[in-house]
Amino acid sequence: MAKNRFGFEQPDRSCAKWELAKSNDHGIIDQYNAESFVIGGTVLNVFKLLGVHEQGKLVDLTGEGIPVSGGTAKGFSERSAFDSDDCKPWKSKQQGSQDIIADAFLGYDFGVPKLDNGRNKYGVEVNNQEHITTIRIKQSSNASRRVTKARIERSDDKQVWKGSAVVLLPNDEELNTISFRESALARYWRIRPLDFTGEATDFWEIQTMELVDWDQTNLYTVQDEYGWIENRDRDYAKKPVEIKGYYDLLEKESDLTQFGFNVNGGIYYITANFNDIVQRIGRPVVIGDILELPSEAMFDPDMKRIAKYIEVTDVSWSAEGYTPGWQPTMLRIIAEPMMAKQETMDIIGDLAGDVDSSGLFDIDESPYSELAIKQSEKQRAKALDEVPQDGSDSTEFTSFDEETIAKYAEHDINLSKISVNQKGLYTEDGLPKNGEDYTVGPEYPEKPSDGDYHRVEYVGMADDVPPRLYKFAAKKGRWIFVEADRRKQFQQRKPNVDRYVASTNAISTRLIGKTQK
(Lines give C-alpha, C1' and ligand atoms only; values in the text may rest on other atoms or scores of the structure.)
Protein backbone atom coordinates (compact mmCIF):
# COMPACT_ATOMS: atom_id res chain seq x y z
CA MET A 1 0.00 0.00 0.00
CA ALA A 2 1.13 3.55 -0.75
CA LYS A 3 1.32 6.28 1.91
CA ASN A 4 -0.63 9.53 1.74
CA ARG A 5 0.68 12.99 2.59
CA PHE A 6 0.02 12.39 6.29
CA GLY A 7 2.20 9.27 6.36
CA PHE A 8 -0.69 6.80 6.67
CA GLU A 9 -1.05 3.73 4.45
CA GLN A 10 -3.52 4.36 1.67
CA PRO A 11 -4.64 1.77 -0.92
CA ASP A 12 -3.54 2.53 -4.48
CA ARG A 13 -6.73 2.52 -6.58
CA SER A 14 -5.47 4.34 -9.66
CA CYS A 15 -6.41 1.38 -11.88
CA ALA A 16 -9.22 -0.18 -9.88
CA LYS A 17 -11.96 -1.52 -12.16
CA TRP A 18 -14.60 -1.02 -9.47
CA GLU A 19 -14.14 2.77 -9.36
CA LEU A 20 -17.55 4.47 -9.52
CA ALA A 21 -16.27 8.04 -9.70
CA LYS A 22 -14.93 8.29 -13.26
CA SER A 23 -14.19 12.02 -13.52
CA ASN A 24 -11.14 13.62 -11.92
CA ASP A 25 -13.28 15.83 -9.65
CA HIS A 26 -15.25 12.93 -8.22
CA GLY A 27 -12.09 10.87 -7.94
CA ILE A 28 -10.35 13.55 -5.87
CA ILE A 29 -13.35 13.85 -3.56
CA ASP A 30 -13.44 10.07 -3.14
CA GLN A 31 -9.70 9.98 -2.43
CA TYR A 32 -9.95 12.64 0.28
CA ASN A 33 -12.96 10.82 1.67
CA ALA A 34 -10.98 7.56 1.94
CA GLU A 35 -8.04 9.39 3.51
CA SER A 36 -10.25 10.80 6.24
CA PHE A 37 -11.38 7.28 7.14
CA VAL A 38 -7.81 5.98 7.18
CA ILE A 39 -6.69 8.85 9.42
CA GLY A 40 -9.59 9.19 11.86
CA GLY A 41 -11.82 6.13 11.38
CA THR A 42 -12.18 3.37 13.92
CA VAL A 43 -10.91 -0.13 13.27
CA LEU A 44 -13.49 -2.72 12.16
CA ASN A 45 -12.40 -6.35 11.80
CA VAL A 46 -14.38 -8.15 9.08
CA PHE A 47 -14.89 -11.92 9.16
CA LYS A 48 -15.89 -12.52 5.54
CA LEU A 49 -18.83 -14.76 4.73
CA LEU A 50 -17.47 -17.38 2.34
CA GLY A 51 -20.64 -19.36 1.67
CA VAL A 52 -22.39 -22.43 3.02
CA HIS A 53 -20.87 -25.65 4.33
CA GLU A 54 -20.42 -28.50 1.91
CA GLN A 55 -23.66 -30.46 1.95
CA GLY A 56 -23.47 -34.21 1.41
CA LYS A 57 -20.47 -36.20 0.21
CA LEU A 58 -18.70 -36.87 -3.06
CA VAL A 59 -20.79 -39.94 -3.84
CA ASP A 60 -21.64 -40.81 -7.44
CA LEU A 61 -25.43 -41.10 -7.81
CA THR A 62 -25.33 -43.07 -11.06
CA GLY A 63 -25.53 -46.84 -11.16
CA GLU A 64 -29.21 -47.83 -11.15
CA GLY A 65 -30.41 -45.61 -14.01
CA ILE A 66 -29.99 -45.52 -17.77
CA PRO A 67 -27.27 -43.51 -19.60
CA VAL A 68 -28.51 -41.28 -22.43
CA SER A 69 -26.68 -39.48 -25.21
CA GLY A 70 -27.14 -37.70 -28.51
CA GLY A 71 -25.60 -40.65 -30.31
CA THR A 72 -22.70 -43.05 -29.81
CA ALA A 73 -19.95 -44.07 -32.18
CA LYS A 74 -20.11 -47.67 -33.41
CA GLY A 75 -18.51 -50.10 -30.98
CA PHE A 76 -18.83 -47.81 -27.97
CA SER A 77 -21.48 -47.45 -25.27
CA GLU A 78 -22.78 -44.63 -23.06
CA ARG A 79 -22.53 -46.94 -20.05
CA SER A 80 -18.74 -47.09 -20.44
CA ALA A 81 -18.44 -43.51 -19.17
CA PHE A 82 -20.36 -44.37 -15.98
CA ASP A 83 -18.78 -47.80 -15.37
CA SER A 84 -15.50 -47.56 -13.47
CA ASP A 85 -14.65 -51.16 -14.35
CA ASP A 86 -14.95 -50.56 -18.09
CA CYS A 87 -11.67 -49.36 -19.59
CA LYS A 88 -13.40 -48.34 -22.80
CA PRO A 89 -14.31 -44.62 -23.23
CA TRP A 90 -17.49 -43.15 -24.67
CA LYS A 91 -17.32 -41.48 -28.07
CA SER A 92 -19.94 -39.27 -29.60
CA LYS A 93 -21.56 -40.19 -32.86
CA GLN A 94 -21.02 -36.64 -34.08
CA GLN A 95 -17.70 -35.43 -35.46
CA GLY A 96 -16.36 -31.93 -35.81
CA SER A 97 -17.04 -28.81 -33.77
CA GLN A 98 -20.26 -27.82 -35.58
CA ASP A 99 -22.07 -31.16 -35.23
CA ILE A 100 -20.82 -31.85 -31.70
CA ILE A 101 -21.97 -28.47 -30.36
CA ALA A 102 -25.31 -28.83 -32.14
CA ASP A 103 -26.30 -32.43 -31.30
CA ALA A 104 -23.86 -34.20 -28.96
CA PHE A 105 -24.53 -34.71 -25.25
CA LEU A 106 -24.00 -37.30 -22.54
CA GLY A 107 -26.37 -37.70 -19.60
CA TYR A 108 -28.28 -39.97 -17.28
CA ASP A 109 -31.88 -41.00 -16.67
CA PHE A 110 -32.53 -41.58 -12.96
CA GLY A 111 -36.20 -42.40 -13.50
CA VAL A 112 -36.13 -46.19 -13.95
CA PRO A 113 -33.90 -47.96 -11.40
CA LYS A 114 -32.25 -51.07 -12.81
CA LEU A 115 -30.66 -54.11 -11.20
CA ASP A 116 -27.19 -55.32 -12.15
CA ASN A 117 -28.62 -57.80 -14.65
CA GLY A 118 -30.56 -55.04 -16.45
CA ARG A 119 -33.99 -55.94 -15.08
CA ASN A 120 -36.24 -53.18 -13.75
CA LYS A 121 -36.00 -52.99 -9.97
CA TYR A 122 -39.72 -52.27 -9.56
CA GLY A 123 -42.87 -53.28 -11.37
CA VAL A 124 -44.02 -49.67 -11.87
CA GLU A 125 -42.18 -46.65 -13.23
CA VAL A 126 -41.07 -44.60 -10.23
CA ASN A 127 -39.71 -41.48 -11.96
CA ASN A 128 -36.85 -40.93 -9.53
CA GLN A 129 -35.32 -37.45 -9.37
CA GLU A 130 -31.88 -36.29 -8.28
CA HIS A 131 -30.30 -32.91 -7.57
CA ILE A 132 -26.90 -32.63 -9.24
CA THR A 133 -24.56 -29.86 -8.08
CA THR A 134 -21.17 -31.36 -8.97
CA ILE A 135 -19.74 -33.41 -11.81
CA ARG A 136 -16.50 -35.37 -11.94
CA ILE A 137 -15.30 -35.81 -15.49
CA LYS A 138 -12.22 -37.24 -17.18
CA GLN A 139 -11.91 -36.52 -20.89
CA SER A 140 -9.80 -38.07 -23.62
CA SER A 141 -6.00 -38.33 -23.52
CA ASN A 142 -6.15 -36.93 -27.06
CA ALA A 143 -6.19 -33.12 -26.81
CA SER A 144 -8.24 -32.81 -30.01
CA ARG A 145 -11.17 -34.77 -28.51
CA ARG A 146 -11.97 -32.55 -25.57
CA VAL A 147 -14.59 -29.96 -24.67
CA THR A 148 -13.40 -26.86 -22.83
CA LYS A 149 -16.78 -25.26 -22.14
CA ALA A 150 -20.08 -27.03 -21.52
CA ARG A 151 -23.63 -26.48 -20.34
CA ILE A 152 -25.19 -28.56 -17.55
CA GLU A 153 -28.90 -29.14 -18.24
CA ARG A 154 -31.81 -30.91 -16.54
CA SER A 155 -35.21 -32.11 -17.73
CA ASP A 156 -38.32 -33.85 -16.45
CA ASP A 157 -39.52 -35.24 -19.77
CA LYS A 158 -36.38 -35.36 -21.96
CA GLN A 159 -38.07 -32.85 -24.28
CA VAL A 160 -37.67 -29.49 -22.53
CA TRP A 161 -34.16 -28.95 -21.15
CA LYS A 162 -33.43 -26.23 -18.59
CA GLY A 163 -29.96 -24.84 -18.05
CA SER A 164 -28.45 -25.28 -14.59
CA ALA A 165 -24.92 -23.97 -15.19
CA VAL A 166 -22.23 -23.18 -17.74
CA VAL A 167 -18.90 -24.70 -16.68
CA LEU A 168 -15.33 -24.49 -17.93
CA LEU A 169 -13.63 -27.88 -18.34
CA PRO A 170 -9.83 -28.06 -17.95
CA ASN A 171 -8.10 -29.02 -21.18
CA ASP A 172 -6.36 -32.07 -19.73
CA GLU A 173 -6.88 -35.81 -19.16
CA GLU A 174 -7.21 -35.61 -15.37
CA LEU A 175 -10.31 -36.47 -13.32
CA ASN A 176 -11.63 -32.97 -12.59
CA THR A 177 -14.25 -32.09 -9.96
CA ILE A 178 -16.45 -29.17 -11.01
CA SER A 179 -19.14 -27.69 -8.77
CA PHE A 180 -21.85 -25.22 -9.75
CA ARG A 181 -24.82 -23.47 -8.19
CA GLU A 182 -27.83 -25.34 -6.90
CA SER A 183 -30.81 -25.54 -9.26
CA ALA A 184 -33.56 -28.16 -8.77
CA LEU A 185 -34.37 -31.85 -8.77
CA ALA A 186 -34.84 -33.51 -12.14
CA ARG A 187 -35.11 -36.97 -13.67
CA TYR A 188 -32.72 -36.36 -16.59
CA TRP A 189 -29.31 -34.64 -16.39
CA ARG A 190 -26.83 -34.10 -19.20
CA ILE A 191 -23.70 -32.21 -20.23
CA ARG A 192 -23.75 -30.47 -23.62
CA PRO A 193 -20.64 -29.01 -25.35
CA LEU A 194 -20.26 -25.30 -26.11
CA ASP A 195 -16.60 -25.24 -27.19
CA PHE A 196 -14.76 -28.14 -28.84
CA THR A 197 -11.01 -28.37 -29.48
CA GLY A 198 -10.99 -30.87 -32.35
CA GLU A 199 -11.12 -30.77 -36.11
CA ALA A 200 -13.83 -31.91 -38.53
CA THR A 201 -12.98 -35.64 -38.14
CA ASP A 202 -12.57 -35.70 -34.34
CA PHE A 203 -15.02 -37.29 -31.89
CA TRP A 204 -15.85 -36.05 -28.40
CA GLU A 205 -14.47 -38.63 -25.98
CA ILE A 206 -15.13 -39.10 -22.24
CA GLN A 207 -13.28 -41.66 -20.13
CA THR A 208 -15.27 -41.26 -16.90
CA MET A 209 -18.14 -39.13 -15.66
CA GLU A 210 -19.80 -39.03 -12.23
CA LEU A 211 -22.87 -37.07 -11.14
CA VAL A 212 -22.84 -35.92 -7.52
CA ASP A 213 -25.12 -33.98 -5.18
CA TRP A 214 -22.53 -31.97 -3.26
CA ASP A 215 -22.54 -28.22 -2.66
CA GLN A 216 -19.18 -26.51 -2.69
CA THR A 217 -18.76 -23.50 -0.40
CA ASN A 218 -20.33 -20.71 -2.41
CA LEU A 219 -21.47 -17.25 -1.39
CA TYR A 220 -24.36 -17.42 -3.86
CA THR A 221 -25.71 -20.81 -2.77
CA VAL A 222 -28.98 -20.34 -0.87
CA GLN A 223 -30.23 -23.20 1.28
CA ASP A 224 -33.69 -21.88 2.06
CA GLU A 225 -35.21 -20.94 -1.31
CA TYR A 226 -38.79 -20.70 -0.06
CA GLY A 227 -38.44 -19.27 3.45
CA TRP A 228 -36.32 -16.29 4.40
CA ILE A 229 -33.69 -16.87 1.66
CA GLU A 230 -31.12 -17.79 4.31
CA ASN A 231 -27.80 -19.60 4.34
CA ARG A 232 -27.96 -21.45 7.63
CA ASP A 233 -24.75 -23.51 7.66
CA ARG A 234 -22.31 -20.73 6.89
CA ASP A 235 -18.56 -20.78 6.35
CA TYR A 236 -16.57 -17.77 7.52
CA ALA A 237 -12.98 -16.67 7.00
CA LYS A 238 -10.85 -17.65 10.00
CA LYS A 239 -8.68 -14.53 9.81
CA PRO A 240 -10.32 -11.08 9.98
CA VAL A 241 -9.54 -8.23 7.59
CA GLU A 242 -9.16 -4.72 8.99
CA ILE A 243 -11.18 -1.86 7.50
CA LYS A 244 -11.83 1.68 8.70
CA GLY A 245 -15.17 3.37 9.32
CA TYR A 246 -17.21 5.29 11.87
CA TYR A 247 -20.46 4.85 13.77
CA ASP A 248 -22.36 6.42 16.66
CA LEU A 249 -21.79 4.88 20.06
CA LEU A 250 -24.80 3.25 21.68
CA GLU A 251 -25.79 3.21 25.32
CA LYS A 252 -26.45 -0.33 26.49
CA GLU A 253 -28.89 -1.37 29.17
CA SER A 254 -28.93 -4.73 30.95
CA ASP A 255 -32.35 -5.95 31.99
CA LEU A 256 -32.79 -8.77 34.51
CA THR A 257 -36.34 -10.11 34.43
CA GLN A 258 -38.19 -13.30 35.32
CA PHE A 259 -37.49 -14.51 31.79
CA GLY A 260 -33.72 -14.13 32.06
CA PHE A 261 -30.90 -11.65 31.55
CA ASN A 262 -31.27 -9.46 28.47
CA VAL A 263 -28.71 -7.05 27.06
CA ASN A 264 -30.15 -4.46 24.71
CA GLY A 265 -27.36 -4.11 22.17
CA GLY A 266 -29.20 -1.87 19.72
CA ILE A 267 -28.63 -1.44 15.99
CA TYR A 268 -25.35 -0.14 14.59
CA TYR A 269 -25.19 2.21 11.59
CA ILE A 270 -21.66 2.15 10.24
CA THR A 271 -20.30 4.30 7.43
CA ALA A 272 -17.21 3.27 5.42
CA ASN A 273 -15.62 4.12 2.07
CA PHE A 274 -16.74 1.73 -0.68
CA ASN A 275 -13.52 1.68 -2.70
CA ASP A 276 -11.39 1.26 0.42
CA ILE A 277 -13.46 -1.79 1.48
CA VAL A 278 -13.21 -3.42 -1.96
CA GLN A 279 -9.46 -2.86 -2.01
CA ARG A 280 -8.99 -4.45 1.40
CA ILE A 281 -11.37 -7.46 1.40
CA GLY A 282 -11.83 -7.99 -2.35
CA ARG A 283 -15.58 -7.27 -2.44
CA PRO A 284 -18.15 -5.02 -0.73
CA VAL A 285 -19.51 -5.92 2.67
CA VAL A 286 -22.51 -8.28 2.25
CA ILE A 287 -25.38 -9.35 4.46
CA GLY A 288 -24.12 -12.09 6.78
CA ASP A 289 -20.59 -10.75 7.28
CA ILE A 290 -19.45 -10.59 10.91
CA LEU A 291 -17.77 -7.43 12.23
CA GLU A 292 -15.72 -7.18 15.40
CA LEU A 293 -15.69 -3.81 17.16
CA PRO A 294 -12.34 -3.61 19.05
CA SER A 295 -13.30 -0.28 20.60
CA GLU A 296 -16.27 -1.91 22.37
CA ALA A 297 -14.48 -4.89 23.90
CA MET A 298 -15.17 -5.52 27.59
CA PHE A 299 -13.42 -7.47 30.36
CA ASP A 300 -14.85 -10.15 32.63
CA PRO A 301 -14.10 -10.49 36.38
CA ASP A 302 -10.99 -12.51 35.49
CA MET A 303 -9.78 -9.63 33.28
CA LYS A 304 -10.21 -11.68 30.12
CA ARG A 305 -11.11 -9.71 27.03
CA ILE A 306 -14.69 -10.12 25.74
CA ALA A 307 -14.88 -9.09 22.10
CA LYS A 308 -17.95 -7.43 20.61
CA TYR A 309 -19.28 -9.07 17.44
CA ILE A 310 -22.09 -7.80 15.25
CA GLU A 311 -23.76 -9.34 12.18
CA VAL A 312 -24.47 -7.33 9.03
CA THR A 313 -28.22 -7.27 8.29
CA ASP A 314 -28.35 -4.68 5.49
CA VAL A 315 -26.03 -2.72 3.18
CA SER A 316 -26.85 0.37 1.12
CA TRP A 317 -25.33 3.64 -0.08
CA SER A 318 -24.91 6.30 2.58
CA ALA A 319 -26.84 9.49 1.83
CA GLU A 320 -24.00 11.60 3.27
CA GLY A 321 -21.45 9.94 1.02
CA TYR A 322 -22.55 11.38 -2.33
CA THR A 323 -20.43 13.91 -4.17
CA PRO A 324 -22.01 17.15 -5.46
CA GLY A 325 -22.40 15.30 -8.79
CA TRP A 326 -24.37 12.52 -7.06
CA GLN A 327 -21.65 9.88 -7.23
CA PRO A 328 -21.86 7.46 -4.26
CA THR A 329 -18.61 6.91 -2.36
CA MET A 330 -19.62 5.49 1.03
CA LEU A 331 -21.55 2.47 2.27
CA ARG A 332 -24.07 2.49 5.09
CA ILE A 333 -23.72 -0.83 6.91
CA ILE A 334 -26.52 -1.83 9.30
CA ALA A 335 -25.62 -4.50 11.85
CA GLU A 336 -27.03 -6.07 15.01
CA PRO A 337 -25.35 -7.98 17.84
CA MET A 338 -24.34 -11.46 16.74
CA MET A 339 -26.40 -14.19 18.41
CA ALA A 340 -25.55 -17.83 19.06
CA LYS A 341 -27.67 -19.43 16.35
CA GLN A 342 -27.19 -21.91 13.57
CA GLU A 343 -26.22 -19.26 11.03
CA THR A 344 -23.23 -18.16 13.15
CA MET A 345 -22.27 -21.51 14.69
CA ASP A 346 -19.20 -21.78 12.48
CA ILE A 347 -17.57 -18.58 13.70
CA ILE A 348 -18.83 -18.89 17.29
CA GLY A 349 -17.34 -22.35 17.55
CA ASP A 350 -13.95 -21.08 16.38
CA LEU A 351 -14.01 -18.11 18.73
CA ALA A 352 -15.33 -19.84 21.85
CA GLY A 353 -13.88 -23.34 21.48
CA ASP A 354 -15.27 -26.28 23.44
CA VAL A 355 -16.69 -24.31 26.36
CA ASP A 356 -19.99 -26.14 26.73
CA SER A 357 -20.46 -29.89 26.97
CA SER A 358 -23.92 -29.56 25.43
CA GLY A 359 -22.30 -28.60 22.13
CA LEU A 360 -24.11 -25.27 21.83
CA PHE A 361 -20.92 -23.31 21.14
CA ASP A 362 -18.77 -26.06 19.64
CA ILE A 363 -19.54 -26.38 15.94
CA ASP A 364 -17.86 -29.80 15.74
CA GLU A 365 -20.31 -31.36 18.19
CA SER A 366 -23.32 -29.14 17.81
CA PRO A 367 -26.58 -30.84 16.84
CA TYR A 368 -27.48 -27.67 14.96
CA SER A 369 -24.98 -28.52 12.25
CA GLU A 370 -27.23 -31.45 11.30
CA LEU A 371 -30.31 -29.26 10.78
CA ALA A 372 -29.56 -28.19 7.21
CA ILE A 373 -33.06 -29.00 5.97
CA LYS A 374 -33.63 -27.59 2.50
CA GLN A 375 -37.17 -26.40 2.03
CA SER A 376 -37.06 -26.95 -1.69
CA GLU A 377 -38.21 -29.26 -4.44
CA LYS A 378 -36.44 -32.17 -2.75
CA GLN A 379 -39.24 -32.47 -0.17
CA ARG A 380 -41.93 -32.48 -2.82
CA ALA A 381 -40.07 -35.05 -4.90
CA LYS A 382 -39.63 -37.33 -1.91
CA ALA A 383 -43.34 -37.08 -1.16
CA LEU A 384 -44.06 -38.36 -4.67
CA ASP A 385 -41.35 -40.99 -4.57
CA GLU A 386 -42.90 -44.42 -4.77
CA VAL A 387 -39.89 -46.49 -3.76
CA PRO A 388 -41.17 -47.62 -1.36
CA GLN A 389 -44.49 -45.87 -0.86
CA ASP A 390 -44.80 -47.13 2.71
CA GLY A 391 -43.25 -49.77 4.92
CA SER A 392 -39.96 -51.50 4.16
CA ASP A 393 -38.66 -52.35 0.70
CA SER A 394 -38.87 -56.13 0.32
CA THR A 395 -36.69 -56.30 -2.80
CA GLU A 396 -33.52 -56.43 -0.73
CA PHE A 397 -34.45 -59.57 1.28
CA THR A 398 -32.56 -62.78 0.52
CA SER A 399 -34.36 -66.13 0.58
CA PHE A 400 -32.91 -69.29 2.19
CA ASP A 401 -31.16 -71.82 -0.03
CA GLU A 402 -31.85 -75.58 0.09
CA GLU A 403 -28.68 -76.35 2.05
CA THR A 404 -29.56 -73.88 4.80
CA ILE A 405 -33.12 -75.21 5.01
CA ALA A 406 -31.83 -78.79 5.35
CA LYS A 407 -29.30 -77.79 8.01
CA TYR A 408 -31.94 -76.21 10.23
CA ALA A 409 -34.37 -79.08 9.57
CA GLU A 410 -32.03 -81.34 11.58
CA HIS A 411 -32.94 -79.22 14.63
CA ASP A 412 -36.69 -79.32 13.86
CA ILE A 413 -36.66 -75.76 12.49
CA ASN A 414 -38.54 -75.41 9.22
CA LEU A 415 -37.18 -72.33 7.47
CA SER A 416 -39.48 -72.88 4.50
CA LYS A 417 -42.36 -71.82 6.73
CA ILE A 418 -40.64 -68.55 7.65
CA SER A 419 -41.61 -65.71 5.35
CA VAL A 420 -38.63 -63.61 4.35
CA ASN A 421 -40.87 -61.53 2.14
CA GLN A 422 -42.18 -59.06 4.70
CA LYS A 423 -45.87 -58.31 4.24
CA GLY A 424 -45.67 -54.61 5.13
CA LEU A 425 -48.22 -52.30 3.57
CA TYR A 426 -47.45 -51.64 -0.13
CA THR A 427 -44.08 -53.44 0.04
CA GLU A 428 -45.16 -56.32 -2.23
CA ASP A 429 -44.38 -55.45 -5.82
CA GLY A 430 -45.13 -58.78 -7.52
CA LEU A 431 -41.54 -59.29 -8.68
CA PRO A 432 -39.07 -62.08 -7.88
CA LYS A 433 -36.42 -61.28 -5.30
CA ASN A 434 -32.70 -61.01 -5.97
CA GLY A 435 -33.27 -59.94 -9.57
CA GLU A 436 -34.38 -63.36 -10.83
CA ASP A 437 -35.93 -63.60 -14.29
CA TYR A 438 -39.65 -63.99 -14.84
CA THR A 439 -42.22 -64.11 -17.63
CA VAL A 440 -45.21 -61.82 -18.01
CA GLY A 441 -48.66 -62.41 -19.50
CA PRO A 442 -52.31 -63.12 -18.80
CA GLU A 443 -51.73 -66.89 -19.26
CA TYR A 444 -49.20 -69.32 -17.80
CA PRO A 445 -46.33 -70.69 -19.94
CA GLU A 446 -47.08 -74.09 -21.47
CA LYS A 447 -43.86 -75.88 -20.48
CA PRO A 448 -42.51 -74.35 -17.26
CA SER A 449 -39.52 -75.62 -15.31
CA ASP A 450 -39.29 -76.05 -11.57
CA GLY A 451 -38.74 -72.69 -9.85
CA ASP A 452 -39.85 -70.53 -12.81
CA TYR A 453 -41.61 -67.28 -11.98
CA HIS A 454 -44.56 -65.91 -13.92
CA ARG A 455 -46.26 -62.54 -13.40
CA VAL A 456 -49.95 -62.62 -14.32
CA GLU A 457 -51.21 -59.25 -15.52
CA TYR A 458 -54.96 -58.94 -16.05
CA VAL A 459 -54.80 -56.47 -18.94
CA GLY A 460 -58.24 -55.54 -20.26
CA MET A 461 -59.99 -58.16 -18.11
CA ALA A 462 -60.02 -56.73 -14.60
CA ASP A 463 -58.19 -53.43 -14.28
CA ASP A 464 -58.77 -53.28 -10.55
CA VAL A 465 -57.01 -56.61 -9.95
CA PRO A 466 -53.28 -56.09 -9.31
CA PRO A 467 -50.68 -58.25 -11.05
CA ARG A 468 -49.87 -61.52 -9.23
CA LEU A 469 -46.59 -63.39 -9.04
CA TYR A 470 -46.59 -67.21 -9.18
CA LYS A 471 -43.79 -69.79 -8.87
CA PHE A 472 -43.96 -73.21 -10.53
CA ALA A 473 -43.44 -76.24 -8.25
CA ALA A 474 -42.59 -79.43 -10.19
CA LYS A 475 -43.36 -81.70 -7.21
CA LYS A 476 -46.91 -80.37 -6.96
CA GLY A 477 -47.29 -79.87 -10.68
CA ARG A 478 -48.89 -76.45 -10.36
CA TRP A 479 -48.24 -72.74 -9.99
CA ILE A 480 -47.94 -71.50 -6.39
CA PHE A 481 -49.07 -67.96 -5.55
CA VAL A 482 -46.23 -65.83 -4.13
CA GLU A 483 -47.51 -62.25 -3.81
CA ALA A 484 -49.55 -59.52 -5.46
CA ASP A 485 -48.28 -56.15 -6.69
CA ARG A 486 -49.63 -53.99 -3.86
CA ARG A 487 -47.69 -50.99 -5.11
CA LYS A 488 -49.44 -51.23 -8.48
CA GLN A 489 -52.78 -51.66 -6.72
CA PHE A 490 -52.20 -48.52 -4.67
CA GLN A 491 -51.04 -46.55 -7.70
CA GLN A 492 -54.24 -47.42 -9.59
CA ARG A 493 -56.37 -46.06 -6.77
CA LYS A 494 -54.67 -42.69 -6.66
CA PRO A 495 -56.44 -41.31 -9.78
CA ASN A 496 -59.78 -42.16 -8.17
CA VAL A 497 -58.78 -40.34 -5.00
CA ASP A 498 -57.61 -37.33 -7.00
CA ARG A 499 -60.88 -37.35 -8.92
CA TYR A 500 -62.83 -36.94 -5.71
CA VAL A 501 -60.45 -34.39 -4.16
CA ALA A 502 -60.05 -32.19 -7.26
CA SER A 503 -63.49 -32.64 -8.80
CA THR A 504 -64.51 -30.02 -11.36
CA ASN A 505 -68.07 -30.23 -10.02
CA ALA A 506 -67.10 -29.53 -6.43
CA ILE A 507 -68.58 -26.50 -4.69
CA SER A 508 -66.48 -24.47 -2.29
CA THR A 509 -67.55 -24.74 1.34
CA ARG A 510 -67.63 -20.93 1.44
CA LEU A 511 -70.57 -20.99 -1.02
CA ILE A 512 -72.68 -23.49 0.90
CA GLY A 513 -75.92 -21.86 2.01
CA LYS A 514 -75.58 -19.00 -0.48
CA THR A 515 -77.85 -18.46 -3.46
CA GLN A 516 -76.30 -19.62 -6.70
CA LYS A 517 -76.99 -17.49 -9.77
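Guide: Start at Leu106, which sits in strand S7, residues 106–109. Keep in mind that this is a predicted model. Is Leu106 buried or exposed? Its relative accessible area is 0%, and buried means under 20%, so Leu106 counts as buried.

Look at what surrounds Leu106. Leaving out residues up to four places away in sequence, Leu106 touches Val68, Ser69, Glu78, Ala81, Phe82, Trp90, Arg190, Ile191, Trp204, Ile206 and Met209. Pick Ile191 from that list. Along the chain, Leu106 and Ile191 are 85 residues apart. Their C-alpha atoms, however, are separated by 5.6 Å.

Now pick Arg190, another residue that Leu106 touches. Arg190 lies over the face of Phe105, 4.5 Å from the ring centre. Arg190 also lies over the face of Trp161, at 4.0 Å from that ring centre.

Next, turn to charge. Side chains of opposite charge can pair when their charged atoms come close. The count for this structure comes to 13 salt bridges. One of them joins Glu153 to Arg151, with the closest N and O atoms 2.7 Å apart. Glu153 is buried, because its relative accessibility is 4%. Arg151 has a relative accessible area of 26%, so Arg151 is partly exposed.

Compare a second bridge, between the side chains of Arg234 and Glu311, at 2.9 Å from N to O. This pair links distant parts of the chain: Arg234 is in strand S14 (residues 234–236), Glu311 is in strand S22, and they are 77 residues apart. Arg234 and Glu311 are both buried.

Arg332 belongs to strand S23, while Glu320 is in the loop between S22 and S23, twelve residues apart. Arg332 is partly exposed, with a relative accessible area of 22%. Glu320 is partly exposed too, at 47%. Now back to Arg190: salt bridges that share partners join Arg151, Glu153, Arg190 and Arg192 into one network.

Finish at the surface. Trp326 is in the loop between strand S22 (309–317) and strand S23 (330–337). Trp326 has a relative accessible area of 67%, so Trp326 is exposed. With Trp317 and Tyr322, Trp326 forms a nonpolar surface patch, and the three have about 380 Å² of accessible area together.

Notes:
Residues are numbered from 1 along each chain as its sequence is written. This is a predicted model: local features need pLDDT of at least 70, side-chain atom pairs count only at pLDDT 80 or more; totals for chains, interfaces and linings use all residues. Side-chain values use heavy atoms; hydrogens and water are left out. Patches are made of residues with over 30% relative accessible area and no salt bridge: like charges are joined within 9 Å, nonpolar side chains (Val, Leu, Ile, Met, Phe, Trp, Tyr) within 5 Å. Accessible areas come from the Shrake-Rupley method with a 1.4 Å probe; for residues, only the protein chains shown count as cover. A salt bridge is a side-chain nitrogen of Lys or Arg within 4 Å of a carboxyl oxygen of Asp or Glu. Helices (H or I, at least four residues) and strands (E, at least two) are DSSP runs, numbered from the N terminus. Buried means under 20% relative accessible area, exposed over 50%, partly exposed in between (1.4 Å probe, protein chains only). Contact means heavy atoms within 4.5 Å. A charge sits over a ring if NZ of Lys or CZ of Arg is within 6 Å of the ring centre and within 35 degrees of the ring normal.
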